[in-house]
Amino acid sequence: QKEVEQNSGPLSVPEGAIASLNCTYSDRGSQSFFWYRQYSGKSPELIMSIYSNGDKEDGRFTAQLNKASQYVSLLIRDSQPSDSATYLCAVKGGEYGNKLVFGAGTILRVKS
Amino acid sequence: GAGVSQSPRYKVAKRGQDVALRCDPISGHVSLFWYQQALGQGPEFLTYFQNEAQLDKSGLPSDRFFAERPEGSVSTLKIQRTQQEDSAVYLCASSWGLGGDEQYFGPGTRLTVT
């Protein structure tokens, strides 16, 4: 079992729809959770961080955390073609210490 | 303000050559991390500095890899006797706090070993 798992996709959604990206992790002691966006040929860009159970909203992005289920998700509302990228879930804390442990990423394609 | 910078952006090395990759973190960031990213994969941790102290080097794949941050600011990742399997993007990230907090990535160095 991988430490952080994501569906590789591609996830295709029409412009204006809600994109839902999911991530599960194996270490129950994990404390911090992050979503990064990575355009092709570019480096990861931090878009959301979440530390406690529940929802956290920032503009069109909502991160959801459920520690009991070891599950993190990212919702993108009103998806735009410019949102097309790979979305990386990352986890920190617990047995991982200060390093980030990443999933392999989900490719999102928003079609206009 | 300025973000994390890395140089060179691209490096082609012949197998067996030594390379040095530089990272300049965001000013004032205490923590600095190196990651390696293979095509189609998420970044994988290599090593971590808190100021000038290297606190975790568990991700370095072999003793050919060496990192330093002598003055607690700029860091260099050195790879000796490069092999083809070292071809990857090397990413540097920095964060403000001692515990790491949110990490911000530089543009990366794409290393190709021929």
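**Figure 1. Contact between chain A and chain B in the predicted model.** Contact here means heavy atoms within 4.5 Å. By that cut-off, 16 residues of chain A touch 21 residues of chain B. The two chains bury about 1,400 Å² between them. Carbon and sulfur atoms give 53% of that area. Seven residue pairs are in polar contact across the interface, both members at pLDDT 80 or more. The salt bridge count between chain A and chain B is zero.

**Figure 2. The side of chain A that touches chain B.** Three strands of chain A each supply at least two residues: β4 (32-38), β5 (45-50) and β9 (85-92). β4(A) gives the most, with three. By residue class, this side of chain A holds nine nonpolar, five polar and two charged residues.

**Figure 3. The disulfide of chain A.** C23(A) is joined to C89(A), with an S to S distance of 2.1 Å. The link is left-handed, at -70° about the S-S bond. C23(A) sits in strand β3 (residues 19-25) and C89(A) in strand β9, so the bond ties together parts of chain A that are 66 residues apart in sequence. C23(A) counts as buried at 1% relative accessibility. C89(A) is buried too, at 0%.

**Figure 4. The disulfide of chain B.** C23(B) pairs with C92(B), S to S 1.8 Å. This link is left-handed, with -65° about the S-S bond. It connects distant parts of the chain: C23(B) belongs to strand β3 (residues 19-24) and C92(B) to strand β9 (residues 88-95), 69 residues apart. Both cysteines, C23(B) and C92(B), are buried. Over all chains, the disulfide count is two.

Methods
Residues numbered from 1 in each chain as written. Chains lettered and ligands numbered in written order. Predicted model: local features only at pLDDT ≥ 70, side-chain atom pairs only at ≥ 80, totals over all residues. Heavy atoms only, no water. Buried area = accessible area lost by both parts, 1.4 Å probe. Salt bridge = Lys/Arg side-chain N within 4 Å of Asp/Glu carboxyl O. Polar contact = N/O pair within 3.5 Å; in protein donor to acceptor, adjacent residues only side chain to side chain. Helix = DSSP H or I, 4+ residues; strand = E, 2+ residues; numbered from the N terminus. Nonpolar A, V, L, I, M, F, W, Y, C, P; charged D, E, K, R; others polar. Disulfide = S-S within 2.5 Å. Buried < 20%, exposed > 50% of the residue type's maximum accessible area, 1.4 Å probe, protein only.
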